[in-house]
Amino acid sequence: MTTENETFIWQTEQFADIRILRYRVDGFENLSLSQKYMVWHLFQAALAGRDIIYDQNYKYNLLIRNVLELILETQPKEETSADFQNFESYVKQFWFSNGLHHHYSTDKLVPNFSKAFFYEAFQQIHEDHLPLKPGQKKSELLEFIAEQLFNPEIAPKRVQQEDGRDLIKDSACNFYENVLQQEAEAFYASKINPDPERPVSWGLNSKLVKQNQQLKELIYKSDGRYGKAIRKIVIQLEKARQYAENELQREIICKLIDFYETGDLALFDAYSILWVKDINSTIDFVNGFIEVYGDPLGYHGAWQSVVSMRDEEASKRFSQISSLASWFEENSPIDPDHKRADVAGVSYKVIKVIVEAGDNAPSSPIGVNLPNADWIRSEHGSKSVSLGNIEDAYEMSSKTNGSLEAFFLPDQQERIKKHGSIASKLHTGLHEVIGHGSGKLMPGVATPKETLKSYSNTIEEARADLVALYYITDPKMVETGLCESEEVGKAEYDGFMVNGLMRQLVRVELGKSLEESHMRNRQLIASWVFEKGKSENVVEKISINDTSFIRINDYQKLRQLFGELLKEIQRIKSEGDYVAARYLVESYGVKVDFVLHTEILNRWNQLGIAPFAGFIQPKLSVEKKDGRIVDVLVSYPDDFKEQMLYYSRNYSFLPVLNE
Ligand code: ZN
C-alpha cells in the first residue's frame, strides 16, 4: 500500500447501523484518453439508471424520496434539533437502502424523529415544489407520506421469504401488481421456450400485472416501462461505443443497446454470451437487470451497474485459480454424475471499480459472477470478478476497530492478521470461479429456481462457499504458490466458523431469524459441520469470562465435513431435491439461538461499530482546453449527503409516480 493510502480517509461517517466509506481507483490516470472517454460515458449511463432501483424496490419510493429531499433542502442551515438530526439520519438510511426498506433485512426503516417535526417541516415546503397529483391537496399528500413513513402496517417488508405465506402479497417490492404467488408461478411455468435446452430468463426485465383479469408483463425498455431512464442510458452507451477498445466490446455495447430498445430477452442472452467472451478489455462494465434477490420468487432482475478497469497485477496473481478449474472439478468430493465434463471458460479477474449504481450502490458486493443463466454458464462459461479496491477499502477501514479482538482467540487473531487478507481474497476467487462455475444439473432436471424455489439462492451460495472451503486447505494451494502456507486455509476456517456461528448475527435484530440467503448459507454450513463433528470434538464452543468463542480442534476433519456437505448440496441442486433443500435450510440456516444472539449483540454494541458499510462513489470530471475535452479526472468526494442530493438533482429521469 502506498503512503497515499495511509493518509486517505477511508471512512467519512457513521449513522444508524451504517458506515460510509470511500474507495480509490489508483491507476485511472494511466488509462488512454480513449479509454477515459468510454469510462466517462459508461459512468453517465450508470447514474442514469439510479431511479429505476428505487421504483423497483417499492412503488412509492421515488415520491417519498422527493418529499424527504424537499424537506431536507427547505430546513434552515442552522437547524440542529435532535428531531432534525434524526430526520437527516433517516434520509441517509433511505438513500443507503435505495428506498423505504432496510437494504439487508428488507424490513421497513423505522423513523426516530417525531411526527410533529415531520408535519411542521412538510408545511414549510411551498406548494409549487410538491409532487402533487392533479387535484390533490397538500394536506392529502402529507397524510399519505406520513402513513408511508410512520404506519408499521403499511409495506412492512420488501422481500418476504417466510415459508407458508403468499410471498408476493406480503412483499412490498414493485415487481407485481394485483397478482398472487400461485398466479405468477403458473404464468411463468406456462411460458414456452423456443429451445427447451436454452430457456429464456422470463420475467427478468418486466413487472407482472393483472389488468381486467388478464396477466400481462410491462417490459422495461426504451419505449416501455422505465423508458425515460433507459433512453438516457442508451444515449450514453451509444457514445461509449465509439471509444470501444476492440470490435468485440463494440458488439457487446451494440447488443445491449438493442436489448434496451426492444426488451427482447433473447438479445440479452446474446449480449451475455458476447460479454463472457470479452476477457481482454481493460475497461469492463455491467449495466442491466441482473440479480433476482429482490423478487421473492426470483424472476425479476434489479437494475444495476458497475464500471471498472482491470487490476492487472492482482489478476495475474490469481489467474492460477481459473487455470486449475478442471483439476478442481476432477478432484471434487461430489458424485461423479454431478460433475461437469468441461469446465473451461471460467475466467477470473480482479477489477478496480470506478463507479457503481442501482442495486450495487451504496452497498456493494465484493465479488460478481455472471451471467446468471445456467445454460449460458455451461455452454459458454462465466466471468468471475473480484472487486479488489472495494475489498481494500473494507479492510483498510476496519483494521483497527477492535472487532478482531472481540470475536477471536489470540492465536486465531494472529493468524488472521497475517493471512486473513489473502485468505479472504482466495475464498472469494474460489467461491466465484470454481464454486458457482462447477457442477451440473442431471438431464431433465429443471433450473434450481423452479425446483428449489425460494431455497435456490441459499443452496447455490452454500455450494459455492463449500467449494471454496474444501479447496482452500488442499495441498495443491501451497504447491502452486496460491497460499504461502497451510496457515492461510486455517485462517479462513477460523474466520468462516466464527462468522457463521456467531459474528454475522450482529446484522440481525434480536428475536429475528435469518432471512438473507448468504447469511442463511453461512450458518447452514457452520452449524451443520459443528453438529456432525460434535462426537469427535472437531469444533467446540468455549466460554472465557462468560464470553463465547469458537475453537477448531481438527482442521483436516473439518475439511472432510465440508466435503461431505458439498456432496449433498450438489446432489440437491443436480437432482432438484426441494424437500432436502428445505430441510437443510430450515433446520440449520434459519433459527437463531436467543441467548447466544443476546451475548453477541452486547459484545458488538460495546465496540460501537456499525455492522453495515457502503460507499461514496468517486466523481469523474472532464478537463477542457479551448472547448475540447483533454482529460477525464477522478476525485473522491467526502460528503455522502451531498452526493445523494447531487445525483437526485442531476440524474432523476423517472416521474415520481410511476404507476
Ligand atoms: Zn456467490
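Me: What are helices and strands here?
Reply: Both are DSSP runs, numbered from the N terminus: helices are H or I with at least four residues, strands E with at least two. This is a predicted model, with local features needing pLDDT of at least 70 and side-chain atom pairs 80 or more, while totals for chains, interfaces and linings use all residues. Residues are numbered from 1 along each chain, and side-chain values use heavy atoms, without hydrogens and water.

Me: How many cavities of 30 Å³ or more turn up?
Reply: Five, from a search of the whole structure. A cavity is a set of points on a 1 Å grid over the protein atoms alone where a 1.4 Å probe fits but cannot get out. Volume is the space filled by probe spheres on the points, joined across faces, edges and corners.

Me: How much space lies in the largest cavity?
Reply: About 110 Å³. Its lining (residues with an atom within 4 Å of a point) includes Trp 275, Asp 284, Phe 285, Val 286, Lys 349 and Leu 387.

Me: Which elements give two or more residues to that lining?
Reply: β6 (283-289), β7 (303-310), β8 (346-358) and β10 (382-387). β6 has the largest share, three residues.

Me: And what classes line the largest cavity?
Reply: Eight nonpolar, one polar and two charged. Nonpolar is Ala, Val, Leu, Ile, Met, Phe, Trp, Tyr, Cys and Pro; charged is Asp, Glu, Lys and Arg; the others, Gly among them, are polar.

Me: Next, the second largest cavity. Which elements supply at least two lining residues?
Reply: β8 and α26 (640-650). The largest share, three residues, is from β8. This cavity holds about 90 Å³. Arg 50, Glu 356, Phe 615 and Tyr 647 are among the residues lining it.

How values were computed
On a 1 Å grid over the protein atoms alone, a cavity is a set of points where a 1.4 Å probe fits but cannot get out, and a pocket is an open set with protein on both sides within 12 Å along at least five of seven lines; lining residues have an atom within 4 Å of a point.
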